[in-house]
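Trainee: Could you walk me through reading a structure?
Mentor: Gladly; let us look together.

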Amino acid sequence: MWLGLLGWLAHTTIDEAKVRGKTTFAQDQALHIICKAIWLAYLVLFATLSHGASISLWRR
């Protein structure tokens, strides 16, 4: 739930900056992609730390 709320907040803030002319379309899209990468990194890190070595992205 919190990740969804943070995602919504980031999305609206980024879009508001674009509408107000503070960012270009390319900057807007780059910020959206960066946010998605941050959410993914957070989820992977959280899953790895909370479940230990049982969750791995690579096979051993």
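**Reading an aromatic pair**

Mentor: Start with Phe46, which is partly exposed at 49% relative accessibility (buried is under 20%, exposed over 50%, partly exposed in between, with a 1.4 Å probe and protein chains only). This is a predicted model, where local features need pLDDT of at least 70, side-chain atom pairs count only at pLDDT 80 or more, and totals for chains, interfaces and linings use all residues. Residues are numbered from 1 along each chain as its sequence is written, and side-chain values use heavy atoms, without hydrogens and water.

Trainee: How is a pair of aromatic rings described?

Mentor: By the distance of the centres and the angle of the planes. Rings of Phe, Tyr and Trp (its six-membered ring) pair if their centres lie within 6.5 Å; planes under 30 degrees apart are stacked, over 60 edge-to-face, the rest tilted. The count here is one aromatic pair. Tyr42 and Phe46 form this stacked pair, 6.1 Å centre to centre with 15 degrees between the planes.

Trainee: Where do Tyr42 and Phe46 sit in helix α2?

Mentor: They are four residues apart in helix α2 (residues 25-51), so about one helical turn separates them. Helices are DSSP runs of H or I, at least four residues, and strands are runs of E, at least two, numbered from the N terminus. Tyr42 is also partly exposed, at 45% relative accessibility.

Trainee: How many helices and strands are in the chain?

Mentor: Two helices and zero strands. Of the chain's 60 residues, 13% count as buried. Leu6, in helix α1 (residues 2-19), is partly exposed with a relative accessible area of 45%.
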